[in-house]
Every structure is written in structure tokens, then in C-alpha cells.
Amino acid sequence: LAEYTVMDEMATPSKIDLRFADQKLIFLICDCSLHKDYSFWKLSREQAERFIKRLKHIEQLTWSQFSNSPRGSGLTPERAGSESFEMIHEQNTSIEKFAEQYYFHFRVEQTGLFRVFGYQKNQFFCVTHIDRNGIVHH
């Protein structure tokens with residue numbers, strides 16, 4: 001049986017940046033893709049209303065609360081090297097992107113394919129892609 005050490009725990013990355021776990025999450029769209037299929041501008045009025053309603057709900061939560069939500073209504077981390085990870089990384093303008101990579105997606109609705117991709121920078125969730133029809137890496 002292998003011995004478990006503190007170093008093993010430190011090597012396991014957290015889902016979120018724990019320095020901001022108790023802070024309310026705030027959305028930014030300044031890094032959002034301008035590609036027509038993944039931008040806010042392609043949303044129908046109904047989709048935009050659902051999107052804004054969901055963001056307003058999530059902004060009532062701390063990072064810890066959101067990250068501990070069930071998968072259908074919470075964050076899904078992107079694995080390093082995956083297509084979604086690389087897509088977010090290419091859109092990330094943060095200078096810290098080479099040291100800290102907290103990349104995720106979440107569903108706008110518990111059922112359905114309407115998803116939002118982005119990354120954590122301090123207390124902000126920086127939206128990089130809006131996938132209204134579930135076409136991103138599905």
C-alpha cells in the first residue's frame with residue numbers, strides 16, 4: 001500500500017482558485033469570442049433572457065457554493081489538453097494563464113445543451129464562449 005503524503009495533496013489541483021472560494025462570483029464577457037457561433041450576439045431574445053437570468057442567479061453564489069453544486073447546475077472543469085481546454089486557453093487574455101488555469105463550462109439549464117465556457121481570474125468568471133446549441137466538442 002502506497003503511503004499518502006502532504007505532497008500528494010498539494011499535487012492535486014483544486015477545481016477553483018481557493019483564494020477566492022468565499023467571494024461572490026462575478027461574470028465578465030470581455031474575453032468572449034467574437035466568432036459568430038459562440039458570441040452573445042447570436043443568441044435569440046429568449047436564449048439571451050435565459051442566459052442573463054442564469055448569470056444573475058449564479059452571481060448570488062460564492063465560488064465555493066457554485067463549484068460544489070451538482071454537475072447539472074454547477075461547474076465542470078476542463079481537462080488539460082482537451083479540445084475545450086485549448087479553446088478556452090486560446091481566448092484567455094490573462095497574463096496568469098500560463099501559471100493558473102481554472103477552465104470550466106456550465107449549463108445554462110440543467111437539461112439541454114446550452115453551455116457557457118470560460119475561466120476563473122480572481123473572483124471573476126471570464127466567459128470565453130457561449131454554446132447555445134451544444135455544438136462545441138459534443
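This briefing covers the fold, surface and cysteines of one protein model. The model is predicted, so local features need pLDDT of at least 70 and side-chain atom pairs count only at pLDDT 80 or more, while totals for chains, interfaces and linings use all residues. Residues are numbered from 1 along each chain as its sequence is written, and side-chain values use heavy atoms, with hydrogens and water left out.

**Fold**

- Four helices and five strands make up the secondary structure of the protein; helices (H or I, at least four residues) and strands (E, at least two) are DSSP runs, numbered from the N terminus.
- Starting at the N terminus, the order of elements is α-β-α-α-β-α-β-β-β.
- Among contacts (heavy atoms within 4.5 Å) with a separation of 6 or more, 64% join residues 24 or more positions apart.

**Burial and surface**

- The protein has 138 residues, of which 45% count as buried; buried means under 20% relative accessible area, exposed over 50%, and partly exposed in between, with a 1.4 Å probe and protein chains only.
- The accessible surface of the protein is about 8,500 Å², and carbon and sulfur atoms hold 53% of that area; the areas come from the Shrake-Rupley method with a 1.4 Å probe, and for residues only the protein chains shown count as cover.

**Cysteines**

- The structure contains zero disulfides, a disulfide being a pair of cysteine sulfur atoms within 2.5 Å.
- Cys30 is in no disulfide, and its nearest cysteine sulfur, that of Cys126, lies 5.6 Å away.
- Cys30 is exposed, at 63% relative accessible area.
- Cys32 is likewise in no disulfide, the nearest cysteine sulfur being that of Cys30 at 9.6 Å.
- Cys32 is buried, with a relative accessibility of 12%.
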